[in-house]
Amino acid sequence: MTGSGEERAYSCRAEAEVVGLVSKLIQFDTSNTGVLETTKGERECAQWVIEQLHEVGYTTEYVESGAPGRGNVFARLPGADPSRGALMLHGHLDVVPAEAADWSVHPFSGAIRDGYVWGRGAIDMKDMVGMMLAVARQFKAEGTVPPRDLVFAFLADEENGGKWGSQWLADNRPDLFEGVTEAVGEVGGFSLTVPRRDGTERRLYLVETAEKGLGWMRLRAKARAGHGSFLHDDNAVTILAEAVARLGNHTFPLVLSDSVAEFLAAVSEETGIEFDPDSPDIEGQLAKLGTISRIIGATLRDTANPTMLQAGYKANVIPQTAEATVDCRVVPGRQAAFEREVDELIGPDVEREWITELDSYETTFDGHLVDAMNAAILAHDSNGRTVPYMLSGGTDAKAFARLGIRCFGFAPLQLPPELDFSALFHGVDERVPVPALEFGARVMEHFLLHS
């Protein structure tokens, strides 16, 4: 599978299948533009997933949400103890768009070369979808009965906030989640190699226990329209631009949530690096962690990044209205304070409204499921240690948390220390190491057998 031509001895069926499954999933162009008319491929990919599940004997339910083509697939594997709450594994089938001219390989080729599977979705998140599918197929084909019911959910539209996927399902089909008490999804379980005090290295596996709130905000300024050659002291573009600049240049206060504090404490214990939240150079201290500091640094405070501007229709006309879109990510517990701060920054002459508003989420790093994650990692990496962390972005877990489901991010990958993993999310030349996928399938199998 790595191109060497050598045959491999696999410890389980899932390990043998996962690379091929991920490659095939990437070949479905499921680009989500955020516009219904130009988003494609989810139905075709979902139908292929159904075929793989039917092949080994699953009964599936296919659900299209309020928009045609936005396909979601559910399958349930009964467990040994029906009195226990079910565990759901969820993965989204859509990906962000990619420009083929920018890539070393075609982004929807699913090419396997140089020890990697390449393509859009390789780590966000067709890697985990492939792991889910591989383990689900193995368990059904071999007649494995897990300790509790397992629900496998393959979802649409995560890359646009889940409007036609998880959010729609939570609102309109809560019956699909009946009995589910815990869930596992993306952006967790990947390794971060850190130097230890004694000169050796330790692989920390980051389990997502929290997510910042996600909000896309529209700002609007209104003023008098007029001729571009006149003097204007009331210009909507100027009013908006000044407000956007104040907001974009603002640094929100540092807030140390429980998940981030536990992560920093664990890293400090392993490395000896001290993280002082009161230090003006906390970002400099985090930089010692390498590229992962981009994610961790973004969880220390709220962010409000302007992303889109729209105003005017002719060069010599002062427009009456100017608008901006701002991507806001809010630390758990900070929503009300964040909105007050934003209002002070933009001032009374700029209106604001939420286009998308999804709550933050945080759970504790304890309990049987966490123990099972840790045991699964240690069974396949004696040098591993699981630690909690907060994701600066958002996932489908936001919808499931509304249903009272306890959510984690755990898509196990043992990564090369030199790989800039965070840069691959939505980046050019997105790829996942073949050995990492095989490791993930083995760990996922162990985890689900002991969950």
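Residues are numbered from 1 along each chain as its sequence is written, and side-chain values use heavy atoms, with hydrogens and water left out. In this predicted model, local features need pLDDT of at least 70 and side-chain atom pairs count only at pLDDT 80 or more, whereas totals for chains, interfaces and linings use all residues.

Helices (H or I, at least four residues) and strands (E, at least two) are DSSP runs, numbered from the N terminus. In helix 9, Phe338, Glu339, Glu341, Val342, Leu345 and Ile346 are buried (under 20% relative accessible area, with exposed over 50% and partly exposed in between; 1.4 Å probe, protein chains only). These residues cover an arc of only 160° around the axis (taken from the directions from the helix axis to the C-beta atoms), which puts them on the same side of helix 9. The face turned away from this buried side carries the exposed residues Ala336, Arg340 and Glu344. Just after helix 9, glycine 347 takes a positive phi of about 85°.

Strand 1 (residues 60-64) and strand 2 (residues 71-77) run antiparallel and are joined by 5 bridges; two strands pair if DSSP finds at least two bridges between them. Glutamate 61 stands opposite phenylalanine 74 in strand 2.

The structure holds 36 salt bridges (a side-chain nitrogen of Lys or Arg within 4 Å of a carboxyl oxygen of Asp or Glu). Glutamate 61 forms one with arginine 173, the closest N and O atoms being 2.8 Å apart. This pair links distant parts of the chain, 112 residues apart. Lysine 398 forms a salt bridge with glutamate 211, with the closest N and O atoms 3.4 Å apart, and both residues are buried.
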